[in-house]
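Work through the exercises below with the sequence and the model open. Try each task before reading its solution.

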Amino acid sequence: MYRKKECVAMLLAGGRGSRLYVLTKKVAKPAVPFGGKYRIIDFPLSNCVNSGIDTVGVLTQYEPHVLNAYIGSGQTWDLDRLRGGVYVLPPYESKKTEWYKGTANAIYQNIQFLEDYDPEYVLILSGDHIYKMDYNKMLQQHKETGADATIAVLDVPLSEASRFGIMNCKPDGTIYEFEEKPAHPKSNNASMGIYIFRWSILKKFLVADEEDLKSENDFGKNVIPALLNSGHKLWAYDFEGYWKDVGTIDSLWEANMDLLGTQPNFDIRGAENEKISARNNALPSSYIAREAKTTNCFIAEGGEIYGTVRHSIISTGCTIGAGALVEDSVIMPNVSVAPGAIIRHAIIGENCVISSGAVIGGAFPDGTKRKISVLGKNQTLPENAVVAPGEVR
């Protein structure tokens, strides 16, 4: 038995991320690079530490090797603790061997891990969202209201509410109804996929859900409705900060672009208690040549910039050759862009080589939906090759 913890976080990080196409072909979505020097999972892990939660189980499944190696001992996030810390929890062989069947089943398979810490509360998180949040404020509301479950919600435009799980609430914040992606939503209180439960109650519902052969073993579809139907007390926690589900090419591109500008939509810097930590590759400072032209961009360490970079994210270890142009794009780590290449409105995966004269993407046509071009990791684009706007390869 480990030392008892008031609250243990369980971070669901096993997503395949199929809507990110080639970017998640060989890596789990939470391990996808973001913002020049981060990976998506840095955000919930940093939020936990900043919120005083020092025991985190990371539930991996799809292509977990990069994620496992990245997390390591958890030292980066101050989660290398003697009592607590971060634990990678893949599916394992017990009475029967099976993959995590859903979000609720993933927690069910790790009941013993939670029992070892005997928590009063369990915080359930997703590993594929970009945001800063003090979970302790949500926990304090949970305790003050005496709720059995508290669900973080975010106001979204009513026109977009049908894309989300919607929590319909009374004026005092109690939840009386949950609708999964309703065609005609009654409110715009969208679930963020962040839950706090009383562990004693959640454990009973996880066991019952597992015994229900018709269940999809999902929190939104099964566990939350079951709690409501049984008369348990559920409260909404209103979140008012920046939050983005980066599960699509467009949303990943948008979230990166939201970092840019003197008044960015998402300020990744923030105060010390909002710091987002990431593994440090100990690369040298970036070099920006005299002839280079850079405007409104992030350039991470280890880079060499000789060409023109406008409104873009240049990740660690990248080289942009003389006469090359990178505009409105996300260049992931260790990419080499040769002299004369042109990249517009694109995401370039890790370790790619863009040869001289290659053209990727193009300007957004006026009045039409933008098209983001994508190149998967470890590719070499030949000289004078063309990747059309919106093309994924």
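A cavity is a set of points, on a 1 Å grid over the protein atoms alone, where a 1.4 Å probe fits but cannot get out; its lining residues have an atom within 4 Å of a point. This is a predicted model: local features need pLDDT of at least 70, side-chain atom pairs count only at pLDDT 80 or more, and totals for chains, interfaces and linings use all residues. Residues are numbered from 1 along each chain as its sequence is written, and side-chain values use heavy atoms, with hydrogens and water left out.

**Exercise 1. The cavity**

Find which residues line the largest cavity, and sort the lining by class.

Solution. Start with the search: over the whole structure, one cavity of 30 Å³ or more turns up. The volume of the largest cavity is about 50 Å³, taken as the space filled by probe spheres set on the points, with grid points joined across faces, edges and corners. Next, list the lining: Leu23, Val27, Val32, Pro33, Met332, Gly349, Glu350 and Lys377. Last, sort by class. Five lining residues are nonpolar, one is polar and two are charged. Here Ala, Val, Leu, Ile, Met, Phe, Trp, Tyr, Cys and Pro count as nonpolar, Asp, Glu, Lys and Arg as charged, and the others, Gly among them, as polar.

**Exercise 2. Threonine 150**

Is threonine 150 buried or exposed, and which side chain does its own side chain meet in a polar contact?

Solution. Strands (E, at least two residues) and helices (H or I, at least four) are DSSP runs, numbered from the N terminus. Then check accessibility. Threonine 150 is buried, at a relative accessible area of 0%. Buried means under 20%, exposed over 50%, and partly exposed in between (1.4 Å probe, protein chains only). Now the polar contact: the side chains of threonine 150 and histidine 142 meet at 2.6 Å. A polar contact is a pair of N or O atoms within 3.5 Å; within protein, one must be able to donate a hydrogen and the other to accept it, and residues adjacent in sequence count only if both atoms are side-chain atoms. Finally, the wider contacts (heavy atoms within 4.5 Å). Beyond four places in sequence, threonine 150 has contacts that include Met138, Ile194, Trp235 and Tyr237.

**Exercise 3. Serine 191**

Which backbone nitrogen lies 3.2 Å from a polar side-chain atom of serine 191?

Solution. Locate serine 191 in strand 11, residues 189-198. Serine 191 counts as buried, because its relative accessibility is 14%. The backbone nitrogen belongs to glycine 193. Outside four places in sequence, serine 191 touches Ile151, Ala152, Val153, Gly165 and Met167.

**Exercise 4. Helix 7**

Which residue's side-chain oxygen approaches the backbone nitrogen of glycine 220 at the start of helix 7?

Solution. The residue is aspartate 218, with its oxygen within 2.9 Å of that nitrogen. Helix 7 spans residues 219-229, and its buried residues include Phe219, Val223, Ile224 and Leu227. Just after the helix, glycine 231 has a positive phi of about 85°.

Methods
On a 1 Å grid over the protein atoms alone, a cavity is a set of points where a 1.4 Å probe fits but cannot get out, and a pocket is an open set with protein on both sides within 12 Å along at least five of seven lines; lining residues have an atom within 4 Å of a point.
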